[in-house]
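Work through the two exercises below with the sequence and the 3D structure in view, and try each task before reading its solution.

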Amino acid sequence: MIDALPEKGVPADQILAELRELRAADLPTHGGRLFAYVYDPALDGLDELARAAHALSASVNGLDPTAFPSLLAMENALVAAAAKLLGGDASTVGSVTSGGTESLILAVKAARDAHPSLQNPRLVVPSTAHAAFAKAAHYLRVGLDVVPVRDLRADPAAMAAAIGPETVLVAASAPSYAHGVVDPIPELAAVAAERGVRFHVDACFGGWILPYLRRLGADLPPFDLAVPGVTSISVDLHKYAYAPKGVSILLHRSEELRRPQYFAYADWPGYTMINPVISSTRSGGPIAAALATLRSIGDAGYLDLAASTREAVRILAAAVEATDGVRLYAPPETSVVCLASAGVDLFVLADELAARGWHTQPQMAYRELEPTIHLTVTASVRSTVASFASDLSAAVEAARARGPVELPPLPPLTPEMITPEFIAVLAEGLGLGGGDFSRMAEVNTVLNAAPPALREALLTGFLSLLQRPVQGA
Ligand SMILES: *Cc1c(COP(=O)(O)O)cnc(C)c1O
């Protein structure tokens, strides 16, 4: 237990030593063996540069660009770079946000508030769209129409059929997070434009690598603002731009389209608040770090990183195809490798891969889609990937030897039954009491068997159990 407010201040050396000790329990953010959460270009000196830039601007407040013009200049530079990379022109404008979720919430807000007279504004997305759209719909009280996909891609005819008089926004992914496949953006944008509805491209994940993959010759459809009918696009700089966490960009085709994104309020005794994004006070740290990262890597550098990533994807996908017991679930056309079972328990396999130092992301069954293992591939994987194939086949063998997870019969559960007491007992029973999360197959099997609403209740309960200031109280 850390005492965050000690009676007397603690020496700096000791504090930093304690922080390093805490960090030692985390998964490795470098080394090309963690296939989710982190994006590593494995470039010497980049971390140090980004850290120094972050420190320079950490105390600067993005609330007021007249007080801190440095941040305004940096934000305009980042938006200009994104617009140039993503098919923008002289009328393209944008905002720097804290992440993909914020960019998507703001895209939905701008679309909703462009139609103030609509009683029940609605959003149309394919079922593979990122969960952040559901969060945006929930926060903003916008109806969500989820359209089934066809071969993991949005189906333009089905999406068109879902557009109604109250639809304020249609959205799709380039590519989807779960499977890494690109939706047919030109067809979808045409469908939305024909109905006079805004169309957002969620390129949060791949927006900073797709243009380079296309330059390298990958067979990918156009997906950006150059496509007629695309009205906005989002790209996370803390993903394939390899910037430290906390920066995403939301671009709009025109200033008029961006206007309803802003919030202004003068009806109180303090300063007039004019916020383009959700936060009001904002640290300049992530913005300066992102700018430093982009300028250090440069266009040619990103092309090299994309080439390394593409090669790593090719090697990983070939390893999956060559291994008896698993198979590719989605075409490895971008920077994701997504595999499914061909006779092995996937959740046991994920544990066995983790035991060999490969940290992947299990994905649960969803509607007609089976459970899969997701690998977000970044440039650093290129130098470690050679040993993946043998570890994969060893992990498959070990998973076969362990056998599939057999759950004891569980009582039929409903979300209402998930009380804090129930969660505490379940967590203990599944071996999660001690904070060791290395063997997750049983947990994942329980979650996989649960319908979405129950899964949500179980994980909410579990997170709430973890997030207590005094453990065991
Ligand atoms: C990561 C991601 C998001 C959400 O971004 P955060 O930065 O985690 O908030 C949205 N869409 C896609 C496709 C993503 O991959």
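**Exercise 1.** Describe how helix H2 and helix H10 pack against each other.

*Solution.* Begin with the geometry: the axes of helix H2 (residues 46-57) and helix H10 (residues 285-322) come within 7 Å and cross at roughly 145°, where axes are lines fitted to C-alpha atoms over the stretch in contact and angles run from 0 to 180 degrees between N-to-C directions. Helices here are DSSP runs (H or I, at least four residues), and strands are runs of E with at least two, numbered from the N terminus. The model is predicted, so local features need pLDDT of at least 70 and side-chain atom pairs count only at pLDDT 80 or more, while totals for chains, interfaces and linings use all residues. Residues are numbered from 1 along each chain as its sequence is written, and side-chain values use heavy atoms, leaving out hydrogens and water.

Next, list contacts (heavy atoms within 4.5 Å): among the residues that meet are Leu-46, Ala-50 and His-54 of H2, and Ala-289, Thr-293 and Ile-297 of H10.

**Exercise 2.** Locate Lys-239 and decide whether this residue is buried or exposed.

*Solution.* First, find Lys-239 in the loop between strand E6 (232-236) and strand E7 (248-252). Then apply the cut-offs: buried means under 20% relative accessible area, exposed over 50%, and partly exposed in between, with a 1.4 Å probe and protein chains only. Lys-239 has a relative accessible area of 15% and is therefore buried. Not counting residues up to four places away in sequence, Lys-239 touches Tyr-39, Cys-204 and Phe-205. Finally, consult the record: an unreviewed UniProt entry lists Lys-239 as "modified residue: N6-(pyridoxal phosphate)lysine", and such annotations may be inferred rather than shown by experiment.
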